[in-house]
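Here is a briefing on pockets. Look at the structure, then read the points below.

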Amino acid sequence: MQARLVQMMTKALEARVQPTFQGKNAVGLNIVVIEVRVVTGGQSVFVGGNHVLRATLDVVEIKSG
């Protein structure tokens, strides 16, 4: 699950966030996942609900920290 989550987040960040941040200084991301909830096909049919991902995202300048 962790490897899949990292893969999905990396792909989404590269596609949606990286093009927006075009500054001069190199930065890194500190991501802390707080909650992951995956709704199965059966749950969505009988109970409903949505997938949930809650996380904090800190953008940190690498040079200064």
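α1, β1 and β2 each supply at least two residues of the second largest pocket's lining. Helices (H or I, at least four residues) and strands (E, at least two) are DSSP runs, numbered from the N terminus. This is a predicted model: local features need pLDDT of at least 70, side-chain atom pairs count only at pLDDT 80 or more, and totals for chains, interfaces and linings use all residues. Residues are numbered from 1 along each chain as its sequence is written, and side-chain values use heavy atoms, without hydrogens and water.

**Second largest pocket**
- Its volume is about 290 Å³ (the space filled by probe spheres set on grid points joined across faces, edges and corners).
- Leu5, Met8, Met9, Val52 and Leu53 are the closest to its centre, out of 15 lining residues.
- A pocket is an open set of points on a 1 Å grid over the protein atoms alone, where a 1.4 Å probe fits, with protein on both sides within 12 Å along at least five of seven lines; lining residues have an atom within 4 Å of a point.
- α1 gives the most to this lining, with eight residues.
- The lining has eleven nonpolar, one polar and three charged residues (nonpolar: Ala, Val, Leu, Ile, Met, Phe, Trp, Tyr, Cys and Pro; charged: Asp, Glu, Lys and Arg; polar: the others, Gly among them).

**Largest pocket**
- The volume here is about 340 Å³.
- Of 13 lining residues, Val17, Gln18, Phe21, Val27 and Leu29 lie closest to the centre.
- α1 (2-17), β1 (27-37) and β2 (52-61) each supply at least two lining residues.
- α1 has the largest share, four residues.
- Seven lining residues are nonpolar, five polar and one charged.
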